[in-house]
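Welcome! Please take a moment to look over the sequence and the 3D structure shown here, and then read on for a short tour.

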Amino acid sequence: MLSAVLLSPLLALAQAAPASATIPAIDEAREQVIASDAELFWNAFEGCNARAVEDLITDDFRMIHDLGGLVAADGDSFIGIIAEQCAARGPGGANEGYKNRRLSVPGSRTVTPLGEWGVLERGFHTFHEWSGEEQDWQQVGGARYIHVWQWMPDEGRFRLKESLSIDHGAAVPYPPGE
């Protein structure tokens with residue numbers, strides 16, 4: 001834990017940080033982050049549009065995953081991963097026709113301010129694949145996520161700076177007992 005001697009100058013510096021466009025109030029910030037989060041995951045999974053994802057992250061974005069470690073050390077490598085996965089789903093690709101989606105678990109998301117710098121988003125999500133003879137979406141797992149969204153005053157919006165994806169697990173059988 002930081003001592004009061006060290007903490008006081010750090011807080012003074014943080015409070016003195018200039019901002020040309022003020023970060024929105026938390027309710028508006030929450031709405032913006034939820035919309036950006038949905039757009040990011042739609043384009044990364046179902047929409048397969050790496051360029052649209054690029055517009056939602058910072059250049060120095062990084063993703064850390066409990067199963068894969070440091071998955072992407074910067075924005076370009078993250079965009080490259082998405083582009084590669086989407087190409088593999090296309091005609092002639094190794095995973096031709098594969099479909100997946102991510103859904104946020106209702107009521108699990110929290111968005112809290114990080115001063116005038118950004119916000120912290122936390123929640124749970126589930127992962128689904130279009131598969132099987134039923135040709136229907138099947139839940140295949142879930143995880144917890146923590147996202148750090150940086151306020152971009154010159155753009156008047158948030159960009160995702162860091163993603164922590166943790167506590168991945170298989171989907172539980174439903175109905176129970178199967």
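Leaving aside its neighbours within four places in sequence, which residues is Ile 57 in contact with? They are Leu 40, Gly 75, Phe 78, Ile 79, Arg 159 and Leu 160, where contact means heavy atoms within 4.5 Å.

A word on the model comes next. This is a predicted model, in which local features need pLDDT of at least 70 and side-chain atom pairs count only at pLDDT 80 or more, while totals for chains, interfaces and linings use all residues. Residues are numbered from 1 along each chain as its sequence is written, and side-chain values use heavy atoms, with hydrogens and water left out.

**The core.** Ile 57 is also one of the residues that touch the most other members of the largest nonpolar core, a group of 26 residues; Leu 40 and Phe 78 are among the others. Such a core is a set of buried Ala, Val, Leu, Ile, Met, Phe, Trp, Tyr and Cys residues joined through side-chain atoms within 4.5 Å. Among the elements that each supply at least two residues of this core are helix H2 (26–44), helix H4 (75–89) and strand E7 (157–170). H2 gives the most, with five residues. Helices (H or I, at least four residues) and strands (E, at least two) are DSSP runs, numbered from the N terminus.

**Around helix H3.** Ala 50 is found in helix H3. Beyond its neighbours within four places in sequence, Ala 50 is in contact with Ile 79, Ile 82 and Ala 83. The C-alpha atoms of Ala 50 and Ile 82 are separated by 5.7 Å, though the two residues are 32 residues apart along the chain.

**The disulfide.** Cys 48 and Cys 86 are joined by a disulfide, S to S 2.2 Å; the term stands for a pair of cysteine sulfur atoms within 2.5 Å. Cys 48 sits in the loop between H2 and H3 and Cys 86 in helix H4, so the pair links distant parts of the chain, 38 residues apart. The link is left-handed, with -95 degrees about the S-S bond.

The table compares burial for three residues (buried means under 20% relative accessible area, exposed over 50%, partly exposed in between; 1.4 Å probe, protein chains only).

| Residue | Relative accessible area | Class |
|---|---|---|
| Cys 48 | 27% | partly exposed |
| Ala 50 | 11% | buried |
| Cys 86 | 14% | buried |
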